[in-house]
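Please keep the sequence and the structure in view while reading.

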Amino acid sequence: MLDQQQSVSGTNKPLLPQIAQQLTTLDPTQLAWISGYSWALSQQNLELVNGADVNGAATPAQHQAIAAEAVTPAEKRRILVLSCSQTGNAQAVAKHLFEQLQHTNAEVSLASAGDYRSRSLVDEDIVLLVTSTQGEGEAPEEAVPLYKFIFHKKAPDLSSVSFAVLGLGDSSYPKYNQAAKDFDDQFEKLGAKRLFDRVDCDLDFTAQADQWRSDITDHLQTILIDTPTSSNGAINGATAAGVDTAAPVANTYSKSNPYTAELITKQRITTEQANEVIHYEIDLGDSGITYEAGDSLGVYFFNAESVVDELIELTKVNPGDKVNLASGAEVTIKKALTEYLDITETTPQFVRAYADYLTADCKKDLAAIVDDTAVLNEYIQERPPIFIVADHPVNLSAQQLHDLFRPLAPRLYSIASSQEEVGDEVHITVRTVRYDKDEKEYQGAASGFLADRIEEGDEFKIFIEPNRNFRLPENGDTPIIMIGAGTGIAPFRAFMQERQAKGDKGRNWLIFGNQRFTEDFLYQSEWIQLHQAGYLPKYDFAWSRQGDKKEYVQHKLAQRSQDVWQWLQDGAHFYVCGDANRMAKDVENTLIDIISKEGKLSAEDAEDYLNELREEKRYQRDVY
C-alpha cells in the first residue's frame, strides 16, 4: 500500500492538471458526486484486502459498491422560517423569506408561532425567527407559549439548533425590539449556534428587512449546496404551516390598498357625564371585503387642521413651503403635517431632536430630561408634541419641522360585529380621546377624526387586519368565557352575534367592567336581550366608580373561582380583550391563582397549565 501511495503522489503527478481541467466542466451536482466518490475510494483499507485482487487493489465489484455509496445523498439541512407576529408584518417578512429560500437545497418550512408546537424546537436544524414586540417589550401574543418554553426553569437544550433573528419594533418605546433581543440572547444561552447577528428594524422596516433576507440567503448558500429546482417549479421539502402562502388575489383591499368606505351610523353609547364612546357602522358596499369575528379594522385618518396650524404658527414656518417626504414626493409642509406625518404621538426621538433646535437658554429645561431615559419616558406620557412645542417655541424651517415626525400610520380597532349578522357592514366601538391645555381642547388623532370630522355619509379609507389568534372555537358546542373592560367589549359583541347567527349551542359567559352601570354600560340592551334569549346564560359586571368599593373584572373572576375551573374542565375557551399593561396582566395573575387553587397545583405548574391552554388556542388575548 505504501508503494501505491507513492505512485499516486509521484509517477502520476502529471495527471493532476488534466483532472483539474475536467473538473471545471462539471456542474455543482456532478462535483458533489465526484467528491463523495473520491472520499469513499480513499477510505479503502485493510477491510478491503480480504476481497481485493492479488495486487491489493479493489475489485470492480468493490468499485461499484463504493460508487453506489458515494451517490447516496446526504441528509438535507432543514430550515424553519418562524414568524411571531402581532399585526401581520412579521408574518409577511417571514413569508417572503420562505419563498426566497425555496431555491436552496434544503427542506424549507414556514410556520407562525400560533400554530407551532414549542416542544418541536429541540428537533429543529436551522431556525430563522422573525418577531415583532408588543406592549412593554413583550413577545407577540401568539409567541407567548414559545417565549415561556425557552425561559422555563426546565428550558430545553438547543445545542443542535442554528438560528438567526430579525426584530420588527418601534423605537419610540423604551424596550425597543425587546422580544427579538430576548429570543436572540436566550437561544444562544441554551446552546444554539448563531448564524447571523440579530437585526433590529424600526417602523419603516422594509428596506432593512429586505437586506436581512438577502444577507441570510447569501450566508446559507455557503453552508448549503445549491441544486436546480424541478422542471415544474416545485421545491423539494418546502412546506408552510399556519401561514397563507397563496398568491394574492387581484383587486383585493389591504393596508397598502385600502377601501374607501362610507360611514352609515354614528351613535354615542355613553352618557354626557362619562367618557365619550361612539358606535360606528361602516358600509362595505360591493367591495367583496370579508372578515371574521376577532379581526380588527384599520382606519386611515387626517390630523386636525387646528393642531397643524398651531404647529406652523409656533415654529414660524411658511405653510406653503415645500418639503420632501420619506417616499421622495414633494408637498407643502401643511399638507405633510395633515396627511403624512404622525404629529400626535410623542417619541423619545422627537424630544431629543426638538431639543437640539433650541437655544442654550431654552434647552436647559429639556436637557436634564433628555439625558435621563427613565425621566424622558415618564415625561412623554400623555404629553403630545404640541404641548412640548408650545412650552418651548422655536423658529424652524419647513423641512426641519417635517423631519421631527414619523410617517402617519393607520389605527386599528377591534371589530364589534359579525358578518353573519350584519352582512356588508363592519362595526367598531371607539372611545374618543380628549384632553386640554391652557383652555384649549385637543383630541386623539384617529378617535378625534372619527368623532369630530367624519359624519354619516362621509367616506374614509379602511382595511381589514386579520387576527388568527383571536378566534371562536371551531366547534360551536364549546363553552367560552369572555373578559373585557371598556371598549374591550367590542370583539365579544361580534362573538355573540356570530354564535347566535349560526345557532351555536355552546355556553357563553361574559365578565365586563367599566366605571359606572348608569353611564357607560356599553351595549346594555343587547346583553339583556341575549340573556333573555338564552345565549348569555352567565354574566358578571364590575363597576370601578359605582359605590364605595372599586371593583374590576379580575375581582369578579376571583369570586367565581370554582365556576371558572369547572368551565375550563369542560373545555371552555378563555378570551381577554382590553388594556395590556394593567387589566390583562391582573386577569392573567388571577387566572393562574384560580388554576393553582382549584387544580391543587404549584404556581409554576399553574403557569404551565395556562401555557398549555395557550398552545391549544383555549386562552387567547386581544390586548393593546
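The points below begin with the chain as a whole and then turn to particular sites, cores and elements.

The structure is a predicted model. The chain contains 24 helices and 24 strands. Of its 624 residues, 48% count as buried. Among contacts between residues at least 6 apart in sequence, 77% join residues at least 24 apart.

**The annotated binding site**

- The UniProt record, an unreviewed entry, places the feature "binding site" at Ser85, Gln86, Thr87, Gly88, Asn89, Ala90, Ser132, Thr133, Gln134 and Gly135.
- From this set, Gln134 belongs to the lining of the second largest pocket.
- Glutamine 86 is located in the loop between strand S1 (77-84) and helix H6 (89-100), and threonine 87 is found in the loop between S1 and H6 as well.
- Glutamine 86 counts as partly exposed because its relative accessibility is 29%.
- Threonine 87 is likewise partly exposed, since its relative accessible area is 31%.
- Beyond its neighbours within four places in sequence, glutamine 86 is in contact with Ser132, Gln134, Pro140, Glu141 and Val623.
- With neighbours within four places in sequence again left aside, threonine 87 is in contact with Leu412 and Glu465.

**The nonpolar cores**

- In soluble globular proteins, nonpolar side chains tend to be buried together.
- The largest nonpolar core of this model has 36 residues, and those with the most contacts inside it are Leu337, Tyr354 and Phe405.
- Several helices each give two or more residues to this core, namely H10 (305-315), H11 (333-339), H12 (348-357), H13 (360-370), H14 (373-379), H15 (385-391) and H16 (398-403).
- Leucine 337 is in contact with Asn303, Val308, Ile312, Ile343, Leu401 and Phe405, leaving aside its neighbours within four places in sequence.
- A second, separate core has 28 residues, including Leu284, Ile289, Phe301 and Ile428.

- Serine 112 lies in strand S2 (residues 106-112).
- Serine 112 counts as buried because its relative accessibility is 0%, below the 20% cut-off.
- The side chain of serine 112 makes a polar contact of 2.9 Å with the side chain of aspartate 115.
- A further polar contact, of 3.5 Å, links the side chain of serine 112 to that of arginine 468.
- Serine 112 and alanine 143 are 31 residues apart in sequence, and their C-alpha atoms are 8.5 Å apart in space.

**Covered helices and strands**

- Helix H18 (residues 445-452) is mostly covered, with seven of its eight residues buried.
- The buried residues of H18 are Ala445, Ala446, Ser447, Gly448, Phe449, Leu450 and Ala451.
- Strand S20 (residues 480-485) is also mostly covered, with five of its six residues buried.
- S20 and strand S21 (residues 508-514) run parallel and are joined by six bridges.
- Within this pairing, isoleucine 483 stands opposite isoleucine 511 of S21.
- Glutamine 554 is part of helix H21 (residues 553-559).
- Glutamine 554 counts as buried because its relative accessibility is 10%.
- With residues up to four places away in sequence not counted, glutamine 554 touches Asp586, Val587 and Thr590.

- Most residues other than glycine have a negative phi.
- Lysine 316, although it is not a glycine, has a positive phi of about 60°.
- Lysine 316 is found in the loop between H10 and strand S11 (322-324).
- Lysine 316 is exposed, since its relative accessible area is 59%.
- Lysine 600, also a residue other than glycine, has a positive phi near 55°.
- Lysine 600 is placed in the loop between helix H23 (583-599) and helix H24 (603-615).
- Lysine 600 counts as exposed because its relative accessibility is 73%.

Notes
Residues numbered from 1 in each chain as written. Predicted model: local features only at pLDDT ≥ 70, side-chain atom pairs only at ≥ 80, totals over all residues. Heavy atoms only, no water. UniProt positions renumbered as here; feature names shortened; annotations may be inferred. 1 Å grid on protein atoms, 1.4 Å probe; cavity = no way out; pocket = protein on both sides within 12 Å on 5 of 7 lines; lining within 4 Å. Helix = DSSP H or I, 4+ residues; strand = E, 2+ residues; numbered from the N terminus. Buried < 20%, exposed > 50% of the residue type's maximum accessible area, 1.4 Å probe, protein only. Contact = heavy atoms within 4.5 Å. Core = buried A, V, L, I, M, F, W, Y, C linked by side-chain atoms within 4.5 Å. Polar contact = N/O pair within 3.5 Å; in protein donor to acceptor, adjacent residues only side chain to side chain. Pairing = 2+ DSSP bridges.
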